[in-house]
Amino acid sequence: MEQIRIAVCDDSRIAVDTASAAAESILREAGLRADTARFTKPAELLRHCEREVVELVLLDIEMPGLDGIELGRALKAREPAPEIIYISNREDKVFAALHIHPFGFVRKGRFMKDMEDVLSSYAAQRKKRRREKKIVVSTPDGQTGVALASIRYFEGSGTYQRMFLDGRDQPIRISSRMKLLEEELAPEGFLRIHKGYMVNHAYIANIRTGEVILDDGTVLPIRRGGTQEIRSAYLALQRENGTMLF
């Protein structure tokens with residue numbers, strides 16, 4: 001399951017714990033495991049963000065001292081800037097926070113409903129961005145960007161690899177070692193099924209003993225004794241991406 005680093009800040013410890021538990025549960029249902037940092041003081045959250053990368057922050061708008069709007073402005077000035085979701089029982093404060101460009105708002109009076117709606121939307125957009133992610137590769141014609149979702153598989157050939165793309169008959173020769181490709185692309189859903197092959201799990205139609213069958217009928221070998229490991233990894237990726245519910 002993909003991990004996401006989030007932070008929750010409210011001057012009430014009970015509110016922090018409640019929001020954290022709700023966010024973790026909703027994100028888990030969406031295929032994201034939340035690593036949550038909890039704060040009751042805005043200054044502590046800012047210090048944490050100086051040491052760690054935080055991707056999503058849930059903030060109470062009204063807090064003593066540095067309020068959620070000022071805190072949000074400070075967080076958005078960082079690089080990379082986290083997405084912000086505001087929590088408030090004051091709907092009039094929504095307009096004051098719009099210039100921060102938050103991802104969404106949660107009303108305390110409709111806490112669970114709003115949390116489910118906003119976090120589900122966040123998870124869906126995160127998955128969409130992941131599908132649109134690109135990799136830069138070196139080819140005989142120079143460097144070029146390739147959408148990860150269009151890559152079907154890689155076939156090894158020493159220090160060069162052949163990259164097979166969806167909708168293209170001939171592979172592209174790229175300069176890279178398979179080990180380096182594996183390190184970069186394994187978190188993106190690519191499976192190293194054999195010393196000489198790495199496959200985008202999205203194009204796998206079936207896995208039989210000793211071989212992977214792609215959706216266009218291409219048959220690729222699995223390393224000796226690796227069939228069960230590849231099946232387990234494939235099923236885990238399917239569950240992570242919401243295409244398998246058990």
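Analyst: Helices (H or I, at least four residues) and strands (E, at least two) are DSSP runs, numbered from the N terminus. In this chain they come to 7 helices and 15 strands. The model is predicted, so local features need pLDDT of at least 70 and side-chain atom pairs count only at pLDDT 80 or more, while totals for chains, interfaces and linings use all residues. Residues are numbered from 1 along each chain as its sequence is written, and side-chain values use heavy atoms, with hydrogens and water left out.

User: Which residues of helix α2 are buried?

Analyst: An α-helix has 3.6 residues a turn, so residues three or four places apart point the same way. Buried means under 20% relative accessible area, exposed over 50%, and partly exposed in between (1.4 Å probe, protein chains only). In α2 (residues 42–51), P42, L45, L46, H48 and C49 are buried. They line one face of the helix, because they fall within an arc of 160° seen down its axis (the arc of the directions from the helix axis to the C-beta atoms). E50 and R51 are exposed on the face turned away from that buried side.

User: What covers the buried residues of α2?

Analyst: The cover includes β1 (2–9), β2 (32–39), β3 (56–60) and α3 (68–76).

User: What is the strand order in the open sheet of 3 strands?

Analyst: Strands of a sheet pair through backbone hydrogen bonds, either parallel or antiparallel. Here two strands pair if DSSP finds at least two bridges between them. The order is β13-β14-β15, with antiparallel pairing. β13 (204–208) and β15 (219–221) each have a single partner strand, so one side of each lacks a neighbour in the sheet. Between β13 and β14 (residues 211–214) there are 4 bridges, and I204 stands opposite L214.

Terms used: Contact = heavy atoms within 4.5 Å.
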